[in-house]
Amino acid sequence: MDHSPIISVILPFLIKNIDDNGNRNRPINDEGINNLIISIDSIIEQTFKEWELIIIDDGSNNEILIELLLKRYNADNRIKLIINKENKGIVKSLNDAILNHCSPNSKFIARMDADDISHPTRLQTQLQHLQSNNTIDILGSPIKMFNNNKLIEILNGNNNNNNNNNVKELINIINNEESFKFIQLPDKDILMWSMFFNCCIVHPSVVFKRSIFSVEHCYEESNQFSFIEDYLFWLKSLVIKGLNISNIQSSTPLLYLRKHNNSISFKNIEKQKESATNASFYYLNILFKRFNIDPEIISPSTTSTTLISLSMKDVIRFFQLSPSNISKINNISIELFELSFKYLELIEQLCIKQQPNYLNGVKDAANEKMGELVSLCLSRYPNNQKSSLLWEKWLSRNPTSQLLSLLSNLNVKSSNNNNNNNNNNNNNNNNNNNNNNNSILNFISGIGNNNLITPKINKFKENGIRVICFSKDRSFQLKEYLRTFFKYLRNEDDKFEIIVDVLFTYSNEKFRNSYQLVIDSFPKVNFIKEDNFTDQLIKLVQTNQLQYIMFSVDDILYYNDFNLKDYCLSLDGEPLALGFYMKLNKNITYCHTCNEEITIPLNSNIITTTIKSKNDDKLGNLKYLKWNRNDNDCKRDWNYPWDLCSTIYRCSDVDSIINGIIKYYGIRNGINHPNRFEFNGNRPIIQKQIYQNKPFCLCMSENYSPMSVVTINRVQDVYNNPIFEQSLSLDDLDRLLHSNQSLNDEKYKENSLSLNFKSVHIGDLFIS
């Protein structure tokens, strides 16, 4: 049968045939061989089938192993086995496989290592993302890092030795073990910035366009850059070739990375660190020369010999450490903090000049890293004038959201350390950390009001809700959202204030003009052009003086009557409920985003309560469904507490959840995009880090909702959310707007009342 692969998967290995005891041709139950089989099988079990797997035995000289591989995989014509009689090394092996052994028809190269595991949907997800975002050349993914010894311990404890080679079983075990670390890496808008401090794309998670790889642009080996062939390739791709690199943003790890003491990275960690420093320094200097920036312009503010002896390499080594590790070092000079801040400013300039489209992301990332640096400096030198100057310099950049992040973390750490000290008065480390944090907080509290802009404190009114809708490039769908929102909104209380804000953005001039048509059609709506999503969102929330907030997105369509005041009153009567979810009802039994059937919570109850109007002259009944999202049968949509699909929250809870996102994920990775804002709001809640005191959720008691999410396209490139086959391009939608067409909400209403909508997300497209 002819086989024409789209993706060539490259998997090199070296399993020596002599063990530590001198035994040749190690047995087939050897751990390294088992790990290799699991790795290969995880590719074979991919949902995407148009691949070829090129396995390179780089000089193992193990006849038993080769015989095993041929016997197990020889029948699959998608698998090629290349045998190097002598060990060539990973660089030559990878280059040879990609340049000389891939099918001429394959379009993409995927990397895989011999001891890791690919998620079954990895290739399909990455290919779809690359095809949807064709400006991306190299794409990594989130990973879950697991300790090999711990996994073996779990398997032995479960008497699960028979399933050691069962890929799905292993993935389930790894996913369920909380000690294994999930790692989400930066996306394209800050990846170059991040890459100069640490390698932030995991080599075996990568899929890249085959067209970018050539004899001139391939993996390189060098004594100066030993053991970092991948990092070197990424830096060269960014700086020399001007390629775009990104990581998929997803809650699902697409690669499971095994950590053990026998890995090349573990054995050569110090050499890798020094090589990484050299590589970062080398490519930064190329950019300095390209943009005529002289790094020597950084002159010391003092004649201190300490500062003169420091270099950019020292700064790079400094930033290769995490803030927690830096805090453990005792002899950091204030000159190093001073110099580091100046180099951060220069690196920010270089990244913006090299990738001007990512200006906002780079500035946010720079502010965040500078904030970490300043807080560490203040903790060490709270009474030093240079600390004050660095603080003022950072504030002059107007780092509003990063300042909130810093203050949030300092308060949290001080609180935690105080608790620890109460439990253990002899813990010197806790006392030192607590003193450091208090030094920073005391320093900040002593700054005059002219130098520090503090967030506005909420002063809630009794009645009212602020509706915040997010929109990008979809003026037609936004128009339909607003048209049907006001058509089906029922509000008989003039004292219940409803404010509607739209935070929108567009990618070209044509879409800008289309948005202007929508703006002209809805004069009572506040339209806000997005320029810094994080700061604008925080401002909308923190300056809100109404009691409730509802988040929405532009592809929502309303088709049944709804009363926001009643939903708010339902929440008001349920202090242990987090939100009212307009998208849910008793007919929702399918999750489109995960493609699986779901069940209505068994212990959900219909609640009926009597309410009195503010004028005390009317009585009425409220009826809603109530359930505990922590129950075992609450899955997917029924346990998705932080949601942007017309969900209502108390404004005070929104404040707290935003602070929780900042605490655990930071400003840049936490809330700089609507999808990331939603995703990272759910993570600390579901993982029981915050908001366990409000486990209940509310929704309509009927078998239908007032709205659905009409998922006929995708405009964001942060998450690879699925869409229905019946889709329209953005240009198609724009034509609908200019031809004055609308979605047929009456048709949607008819389908809803006939109980045809089993999912929150629907693909039905009814145009009138």
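The whole structure holds 35 salt bridges, a salt bridge being a side-chain nitrogen of Lys or Arg within 4 Å of a carboxyl oxygen of Asp or Glu. This is a predicted model, in which local features need pLDDT of at least 70, side-chain atom pairs count only at pLDDT 80 or more, and totals for chains, interfaces and linings use all residues. Residues are numbered from 1 along each chain as its sequence is written, and side-chain values use heavy atoms, with hydrogens and water left out. Helices (H or I, at least four residues) and strands (E, at least two) are DSSP runs, numbered from the N terminus.

**Lys-209 and Asp-137**

- Lys-209 and Asp-137 form a salt bridge through their side chains, at 3.5 Å from N to O.
- Lys-209 belongs to strand S9 (residues 207–209), while Asp-137 sits in the loop between helix H4 (122–132) and strand S6 (138–140), so the pair ties together parts 72 residues apart in sequence.
- Lys-209 is buried at 17% relative accessible area; buried means under 20%, exposed over 50%, and partly exposed in between (1.4 Å probe, protein chains only).
- Asp-137 is also buried, at 11% relative accessibility.

**Glu-153 and Lys-150**

- A salt bridge links Glu-153 with Lys-150, whose closest N and O atoms are 3.7 Å apart.
- Both residues lie in helix H5 (residues 148–157), 3 residues apart, or about one turn of the helix.
- Lys-150 is partly exposed, with 29% relative accessibility.

**Arg-466 and Asp-501**

- The side chains of Arg-466 and Asp-501 meet in a salt bridge of 2.4 Å, N to O.
- Arg-466 is in strand S12 (residues 465–472) and Asp-501 in strand S13 (residues 498–505), so the pair ties together parts 35 residues apart in sequence.
- Arg-466 is buried at 12% relative accessibility, and Asp-501 is buried at 1%.

**A salt-bridge network**

- Shared partners join Lys-479, Glu-480, Arg-483, Lys-487, Asp-745 and Glu-746 into one network of salt bridges.

**The S16-S24-S25 sheet**

- An open sheet of 3 strands runs in the order S16-S24-S25, with mixed pairing; two strands pair if DSSP finds at least two bridges between them.
- Strand S16 (556–558) and strand S25 (761–762) are the edges, each with a single partner strand, so one side of each has no neighbour in the sheet.
- Strand S24 (residues 707–710) runs parallel to S25, and 2 bridges join them.
- Val-709 stands opposite His-761 in S25.
- Helix H19 (residues 475–488) packs on the sheet and touches S16 and S24, contact meaning heavy atoms within 4.5 Å.
- The direction of H19 makes about 30° with that of S16; axes are lines fitted to C-alpha atoms, for helices over the stretch in contact, and angles run from 0 to 180 degrees between N-to-C directions.
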